[in-house]
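Here is a short walk through the structure, one selection at a time. Keep your viewer open and follow along.

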Amino acid sequence: MTARTHDNDIEKAAGVLRAGGLVALPTETVYGLGANAEDPAAVARIFQVKGRPPSHPLIVHIGGAEQLDDWVQDVPATARLLAEHFWPGPLTLVLRRGPRVPLEATGGLETVAVRVPDHPVALALLSAFGGGVTAPSANRFGSVSPTTADHVRAELGDAVDFVLDGGPCEVGVESTIVDATGDVPTILRPGGVTREDLEAVLGFPLAVPATSRVRVPGQHPSHYAPRARVVLVEPEKVVAEAEQAQELGHRVGVFLPPSLSGVPVRAHAVVTVPGAMSAYAQGLYGFLRELDRQGCDLIVASLPVEEGLGLAIANRLRRAAGPRPTV
Ligand code: TXA
Ligand code: MG
């Protein structure tokens with residue numbers, strides 16, 4: 001199969017799903033925590049393991065675009081066009097729920113989010129299993145999504161019955177979620193498929209809600225957050241802000257903009273952000289985890305230009321910097 005995953009791992013994982021267990025699986029975006037979509041008790045365990053409120057809907061992963069009508073109904077022509085063009089890939093379509101999808105998976109909604117992941121291990125599992133797999137990102141509620149199997153093991157440990165290792169995720173940020181229930185699709189969450197890519201296929205411009213105001217079920221102001229507090233400033237202020245906070249006694253981690261690469265910073269830890277957005281997206285969650293690992297209590301970063309993958313990166317950084325629940 002791959003260097004890390006063998007055919008018998010896939011068979012074993014499919015058996016775990018059939019028995020109502022949880023399997024962590026690699027996708028091209030982030031690792032997912034998967035259960036049989038048609039098994040309400042298994043789906044309930046996902047919420048329990050993640051500590052996620054049951055009203056937050058999940059994504060159903062399927063093995064191919066030709067299976068779409070098994071799971072949803074009333075598919076508009078635009079949705080079909082997007083599915084044919086971008087699947088397998090980092091695009092999730094929200095459509096009207098079909099009877100196979102239990103309300104436990106949709107947080108009680110009459111719509112369901114569906115996607116075909118573009119990863120050989122995920123596709124092999126879906127093919128061996130035969131059904132749909134509901135999978136949120138395989139992290140505890142509100143924290144940083146995992147992009148390696150080690151991240152999953154470190155965060156969820158024995159709470160997962162089986163971890164499929166498919167290596168580091170290539171895209172690194174979650175899928176783009178598009179509400180495709182109507183004739184005019186809207187972007188609910190920017191992600192791995194860019195707005196520009198979608199517009200090129202649709203032939204018309206898409207409205208993108210201001211990233212800080214995106215409001216769909218399961219999207220809180222604070223999400224994708226490391227333990228360290230995240231502060232966003234203008235790129236030219238990153239160094240001064242970081243040094244001042246370090247001076248005040250913080251253990252500061254810095255996301256140094258690529259234009260300042262090599263500039264010395266008096267801080268606890270420094271990550272020089274890649275200039276190419278695809279490399280930045282791929283590394284983003286790993287950088288946040290690494291600064292946590294090094295014991296930083298404050299991360300100073302700036303936002304990339306919000307075009308292409310920069311839109312998704314900026315969305316995640318804003319959420320990481322959002323107000324934290326006081327628990
Ligand atoms: O790349 C991804 O999308 C990853 C991989 C594992 O596929 N999955 C992922 O799942 O990011 P999760 O659960 O972390 O985020 C799914 C989000 C929910 O938070 C919610 O905002 C949205 O999808 N969603 C799901 N069903 C929806 C629905 N019926 N209507 C609107 N939004 C929905
Ligand atoms: Mg998530």
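## Around helix H5

Start by selecting Gly130: this residue sits just after helix H5 and has a positive phi of about 90 degrees. Keep in mind as you go that you are looking at a predicted model.

Now step back into the helix itself, residues 120-129. Which residues of H5 are buried? Colour Val121, Ala122, Ala124, Leu125, Leu126 and Phe129, and you have them. To see what lies over the buried residues of H5, show helix H1 (7-18) and strand S1 (23-25), which are among the elements covering them. Strand S3 (59-61) and strand S7 (133-134) also belong to that cover.

## Two backbone spots worth a click

Next, go to Asp74, in the loop between strand S4 (72-73) and helix H3. Its phi is positive, about 55 degrees, although Asp74 is not a glycine. For background, most residues other than glycine have a negative phi, and most peptide bonds are trans. Is Asp74 buried or exposed? Asp74 counts as exposed, because it has 10 C-beta neighbours inside 10 Å, and the cut-off for exposed is 12 or fewer.

The peptide bond joining Trp87 and Pro88 is cis, with omega at about -5 degrees.

## Zooming out to the domains

Colour residues 7-213 as domain 1 and residues 229-320 as domain 2. How many residues does each domain bring to the contact? Domain 1 gives 16 residues and domain 2 gives 17 residues. On the side of domain 1 that touches domain 2, the residues divide into 4 nonpolar, 9 polar and 3 charged. The centres of the two domains, taken over C-alpha atoms, are 28 Å apart.

## The sheet with strand S12

Now select strands S11, S14, S12 and S13: in that order they make an open sheet of 4 strands with parallel pairing. Which strands stand at the edges? They are S11 (229-232) and S13 (269-272); each has a single partner strand, so one side of each is left without a neighbour in the sheet. Turn the view along the sheet to see the twist, which averages 20 degrees from one strand to the next.

Focus on S12, residues 252-256, which runs parallel to S14 (residues 298-301) and is joined to it by 3 bridges. Val252 is opposite Leu298 in S14, and Gly253 is opposite Ile299. Towards the other partner, S12 and S13 pair in the parallel sense over 4 bridges, with Gly253 standing opposite Ala269 in S13.

Show the side chains of S12 next. In a regular strand the side chains alternate between the two faces of the sheet. Here Val252, Val254 and Leu256 point one way from S12, while Gly253 and Phe255 point the other way. How many residues of S12 are buried? The count is 5 of its 5 residues.

Terms used. Residues are numbered from 1 along each chain as its sequence is written. Chains are lettered from A and ligands numbered from 1 in the order in which they are written. This is a predicted model: local features need pLDDT of at least 70, side-chain atom pairs count only at pLDDT 80 or more; totals for chains, interfaces and linings use all residues. Domain bounds come from an automatic or database domain assignment. Two residues are in contact if their C-beta atoms, placed from the backbone, lie within 7 Å. Ala, Val, Leu, Ile, Met, Phe, Trp, Tyr, Cys and Pro count as nonpolar, Asp, Glu, Lys and Arg as charged, and the others, Gly among them, as polar. Two strands pair if DSSP finds at least two bridges between them. Axes are lines fitted to C-alpha atoms, for helices over the stretch in contact, and angles run from 0 to 180 degrees between N-to-C directions. A residue is buried if 20 or more other C-beta atoms lie within 10 Å of its own, exposed if 12 or fewer, and partly exposed in between; C-beta atoms are placed from the backbone.
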